[in-house]
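Try each one before you read its solution.

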Amino acid sequence: MSVDEPQLKRRPGKDAAVGTLSPDKQLQHDSSHTPAVSGAGVSDFVKYSSSYAFMAVLALSFITRYYRIWDPAQVVFDEVHFGKFASYYLRREYYFDVHPPLAKMLIALGGWLIGYDGHFLFEKIGMDYMSNGVPYMMLRGWVALFGLALPPLVYMIMAESGYSVIASLLAALMVTFDNALVTQGRLILLDNIMIFFMLASVYSYVKFYKQRYQSFSVMWWTWLLSTGVMLGCVVSCKLVGLFTIALVGIAVIYDLRRILDIRRGTTIPQFCNHLGARAFALIAVPIAIYLSLFYVHFAILTRTGPGDVYHTSQFQMQLIDNPMTKSSFDVHYGDQIAIRHRETGAFLDSNIGRYPLRYEDQRVSSQGQQVTGAKEKTDNSYWIIKPAENQDAFAQFVARRQAGEDIPKEELSKWVVHHTDLVQLQHAATGGNMRTHDVASPMTSTNMEFTTLAPNNTANAADTVWKLEIDGAKSNSTLLKTSSSFIRLVSNKHGVAMWTHPKKLPEWGHSHQEVNGKKDPTDKSTLWAITDIRGRQITAEEVEAMAKKQGSMSFVEKFAELQGLMIKHNNALTTVHPFQSTPLSWPLLTRGISFWTDAAQRKQIYLLGNPAGWWISNLALLGFAVCLVSLEICDLRDIDVVDGVVRRHIQRSGGFIAFAWFIHYFPFFMMGRSLFLHHYLPASIFAYMMVAACFQFLFVHPYQHFALKNWNSRARALLPSYSTGLIFAAVVAIQIMTFVFFAPISYGTTGLTAEQVKSRRLLPSYDLHFQK
């Protein structure tokens, strides 16, 4: 006898066995004992209605996702990122992104299968695909396969969960005709790939849970491992896939509680076997998949690329053709060096221009020579690095070098710059020493101004002394090198670190970046690198020596470094975006996102969910909450309002769906990064499932008579009444009509007049284009 087999007598309808949040097999167990409908009383159409419904959903999903997928033939919204990343995989050039690699590797796989070489880099929205020879239709069609699979998966989940054909079909059709899911599902984007694995995880877990009376059988293991594999895939697409892991994890904990119940006769060794199997399949397997995909990620991206700059010098030097492997020289005092900010790429610059006497806020400046950050390297970007001490000996050393004297290596090594050295930076073009002092900077009043000071001004010379710190240095003997050393310049007197940010100075500052003294010198944004030494050329012997010195990094080291950067930069995505929105506004669908516009033809793609469907979903979620409270009150008062099987199913299966919606939605309220409507799409699918669950609870009776055992099993009945059919038809008709009405802005295939655009502006916050 299986340890999962119920062994307790229960009061009908009240004392249900300890269950889990997942759909209840007890419904199917009980329904198998209801009077069977004879074959003569059920038509073949009804018998096979579930298969017909599935095929209809598949066909409609194909039509909605692939309709004019070639239009527009231009880069749309985040295709600018994810199409580019796919090209980097095909070129094997390293890039950096805040999301894990699976979805992007799958996009690249589609390109590789059709022979695309990654020559196009999707540099900006609106770029033409045809003229650049990009097989964009095939790439979009490949991604659309995942979007195509969503409605059928929803149908399968509902049917496997014991819902009727009509309820399962309702959920699938709501997803099929959702404008936002269709828009996302036909472009080179990540979300539908992630949602595919999310739904596949839920489907696998439902199938696994239904095997609970055949514990440790082949099918039990198959669906348990399938759940783990799908969970590993969903989190490997986007880190928000952790929400799906949390959903399944909490359901498993609830299930383990049921198994541990001593009334079920479970021994401790048996419970440990259940616990160990689930830990292996649902923890170890997803972790292994996540790690494996990053291993493949590193194995593919072996060449230097745009993502190098985010990493440490040791990481960068693992990449083929990385500049650090070709131009990492020791820096000597007296060298003219160019210094570039790590995060923004701006070069430390100065010129004869001076700060204005007064800024716009009426603060007064020093009127000193400007020190700024320039995007392009020029003659003004070079600085002579000098020791703050031993000036006489340094002057003699410089004179010998300028005279062309061949200085022995042993003596030359004495003038290499080291970690924690005190240095001065003299601007090569104007002669001033870089200085910070107790004057507020132009744009950041809490930080200190950077300027220059004449070398003969000894009274304020202390302001020009900098402590040079090499990031990651383990001792003061660490040498400063070009390219491979990341440094901080910390004022020895004031303790502030040289820093810049992307915001541009006004016209008087030549639209350069502001450079100032940041009070937190340990901040990672204060790191700079020396890109080159003026006039220094690498020799063949040095190339060979660098290749020998290049230390390797293990996979674990590279993985840990990348994970830290992903989390850091994801949390730093706080820049205000014109189409960002708050989680509170998502279910209400108060605004969308502009994906693409064509002013000449008055076409646009505007990401917007199906307003009717989303608002109906909100009512269903609210109604379910009211239902749960009402059932609990009735239970406390010993009032029977519904059959026990119905109660268990709505509480467990409906509760699972409601919790799935909750866990994929409410965590966004705790995030500080910029958020967008598309973050709600996973939760919106569970909201659609709740519409179907409420429909079944309210209109499909007797409940057990219409329940499906599997998605492709024979049905015993289709509609309980004509009125139920009419309600189903009305809801679906509203969903389809709303979908068709908003289709022109979902597909971007039809130009609209100003009046037509305004008619689709159901809410004033719908910031559609071409309203005039």
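**Exercise 1.** Does Phe120 count as buried or exposed, and at what relative accessibility?

*Solution.* A word on the source: this is a predicted model, in which local features need pLDDT of at least 70, side-chain atom pairs count only at pLDDT 80 or more, and totals for chains, interfaces and linings use all residues. Residues are numbered from 1 along each chain as its sequence is written, and side-chain values use heavy atoms, leaving out hydrogens and water.

Start with the cut-offs: buried means under 20% relative accessible area, exposed over 50%, and partly exposed in between (1.4 Å probe, protein chains only). Phe120 has 4% relative accessibility, so it counts as buried. Tyr129 comes out at 0%, so it's buried too.

**Exercise 2.** Work out what kind of aromatic pair Phe120 and Tyr129 form.

*Solution.* A pair of aromatic rings is described by the distance of the centres and the angle of the planes. Rings of Phe, Tyr and Trp (its six-membered ring) pair if their centres lie within 6.5 Å; planes under 30 degrees apart are stacked, over 60 edge-to-face, and the rest tilted. The search of the whole structure turns up 58 aromatic pairs. For Phe120 and Tyr129, the centres are 6.0 Å apart and the planes are at 70°, which makes the pair edge-to-face.

Now try Phe695 and Phe699: with 5.5 Å centre to centre and 55° between the planes, this pair is tilted. Both sit in helix H22 (residues 681–699), 4 residues apart, or about one turn of the helix. (Helices, H or I with at least four residues, and strands, E with at least two, are DSSP runs numbered from the N terminus.) Phe695 is buried at 4% relative accessible area, while Phe699 is partly exposed at 30%.

**Exercise 3.** Describe how helices H10 and H11 pack.

*Solution.* First, find H10 at residues 191–209 and H11 at residues 218–237. Their axes (lines fitted to C-alpha atoms, for helices over the stretch in contact) lie 8 Å apart, at an angle of about 160°; angles run from 0 to 180 degrees between N-to-C directions. Next, pick the label: under 35 degrees is roughly parallel, over 145 roughly antiparallel, 65 to 115 roughly perpendicular, and the rest oblique. That makes H10 roughly antiparallel to H11.

Last, look at the contact (heavy atoms within 4.5 Å). Among the residues making it are Phe197 and Tyr203 of H10, and Trp220 and Trp223 of H11.
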